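Hello,

Here is the structure for you to look over. My notes follow below.

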Amino acid sequence: MTDHRKARRLTSKLLEWYGENARDLPWRKTLHPYGIWVSEIMLQQTQVATVIPYWQRWMRVLPTIQKLSRAKPERVLKLWEGLGYYSRAHNLQLAAKQIVTEYQGVFPKNPESIRKLPGIGPYTAGAISSIAFGLPEPIVDGNVTRILTRIFEIDKSPKDKDTQAKLWSLAKTLVRSAKDCSSLNQSLMELGATVCHVRQPECHRCPVMRSCTTKRNNIIHLIPAKGKPTRYEEKEIEVYVLFRNENVLLQKRSDGLTNAGFWELPNNETGPKLKIANKKEPIVKVRHNITKYRILLKAYATSCDKKIKGKWCNGADIRRLPISASHRKLIRALSKQHKGFAQIFIT
């Protein structure tokens, strides 16, 4: 039996399983492309449980493409604060403005047009096209890759060009063989998220276990093929805590930098190194990991005679402004351990 014939025979089992096991997620209660689009962008590199409250809050505050396009960037970033990978939020607003300008505020139905929007790649375009518009467009992400490489025992690296082409071809066969392409694609997402885990997959719960060649050959722990281990880069950043009249100085990250538009305490990563009177031990140390970086933030209370760009902020400002995740973590630690910060949060 060819792989594509085998793929076609899987669709009914996947659809039946999804109908009985689909999780009750808020974005599954709408067919509006805007809500589906926002959920798919948020779900990139982020777990479902984390996304749910963010999606619900976003849809309350910015319920339409038009409102997103007109929102202040700072407002958009504040709604995204804590989700990470902040270019996603920037691209959402850029795409919203493009939809208003080029499509009169109506989300385009054509998959090719969808793929041209900022921040939307083949997977996200396929997800939106199939779920919102019922179009038989394929999807391949980490979950789908894991399922397909295991079912068809594809032992080459999923990052190889030929392997990617095969995965997309199989995904296309699956979605175009199904009566309900939306549910078919969502069944793959669901199966990868809840059953076909990276480690310790629950094969006994899988609706297509009997078709899984990797399971049958008892090599499921070897598939997908693992790439080179990530090499993490250690970063140590000095952070300067400057007080004035029960306010603390914050600076806005410039355009072109990672996390552009977010606010943070002055530091020697994005600004000049300041003199510290007592540098024996920082008042607070915080670790923060992101992608390939392992970051240590070391906060020092200091003063500076020369004028430094920034904004003197009280507790209300700190709660209102979008602040980068690492500095938000540092500020929480400072509010518990440093008298000056504790006083700011009383106001």
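Is Gln 45 buried or exposed? It is exposed, because its relative accessible area is 65% and the cut-off for exposed is over 50%. Please keep in mind that this is a predicted model.

Gln 45 sits in the loop between helix 2 (33–42) and helix 3 (48–61). Tyr 85 is 40 residues away from Gln 45 in sequence, yet the C-alpha atoms are 8.3 Å apart.

Asn 185, in helix 11 (residues 181–194), is buried, with a relative accessible area of 0%. Beyond neighbours within four places in sequence, Asn 185 contacts Gly 126, Ser 130, Glu 137, Pro 138, Ile 139 and Val 175.

Now the charges. The count is 17 salt bridges. One of them joins Lys 166 and Asp 3, with the closest N and O atoms 3.2 Å apart. This pair links distant parts of the chain: Lys 166 is in helix 10 (residues 161–177) and Asp 3 in helix 1, 163 residues apart. Lys 166 is partly exposed at 35%. Asp 3 is also partly exposed, at 25%.

Glu 238 and Lys 273 form another salt bridge, at 3.0 Å, N to O. Glu 238 belongs to strand 1 (residues 233–241) and Lys 273 to the loop between strand 4 (263–264) and strand 5 (284–290), so the bridge ties together parts 35 residues apart in sequence. Glu 238 is buried at 9%, whereas Lys 273 is exposed at 52%.

Salt bridges also link Lys 235, Arg 253, Glu 264 and Glu 269 in a network.

Last, the surface. Arg 5, Arg 8, Arg 9, Lys 13 and Arg 210 form a positive patch. Arg 5 lies in helix 1 (residues 3–21) and is partly exposed at 48% relative accessibility.

Best regards

Key. Residues are numbered from 1 along each chain as its sequence is written. This is a predicted model: local features need pLDDT of at least 70, side-chain atom pairs count only at pLDDT 80 or more; totals for chains, interfaces and linings use all residues. Side-chain values use heavy atoms; hydrogens and water are left out. Patches are made of residues with over 30% relative accessible area and no salt bridge: like charges are joined within 9 Å, nonpolar side chains (Val, Leu, Ile, Met, Phe, Trp, Tyr) within 5 Å. Accessible areas come from the Shrake-Rupley method with a 1.4 Å probe; for residues, only the protein chains shown count as cover. A salt bridge is a side-chain nitrogen of Lys or Arg within 4 Å of a carboxyl oxygen of Asp or Glu. Lys and Arg count as positive and Asp and Glu as negative; His and the chain ends are not counted. The place of a charge is taken as NZ of Lys, CZ of Arg, CG of Asp or CD of Glu. Helices (H or I, at least four residues) and strands (E, at least two) are DSSP runs, numbered from the N terminus. Buried means under 20% relative accessible area, exposed over 50%, partly exposed in between (1.4 Å probe, protein chains only). Contact means heavy atoms within 4.5 Å.
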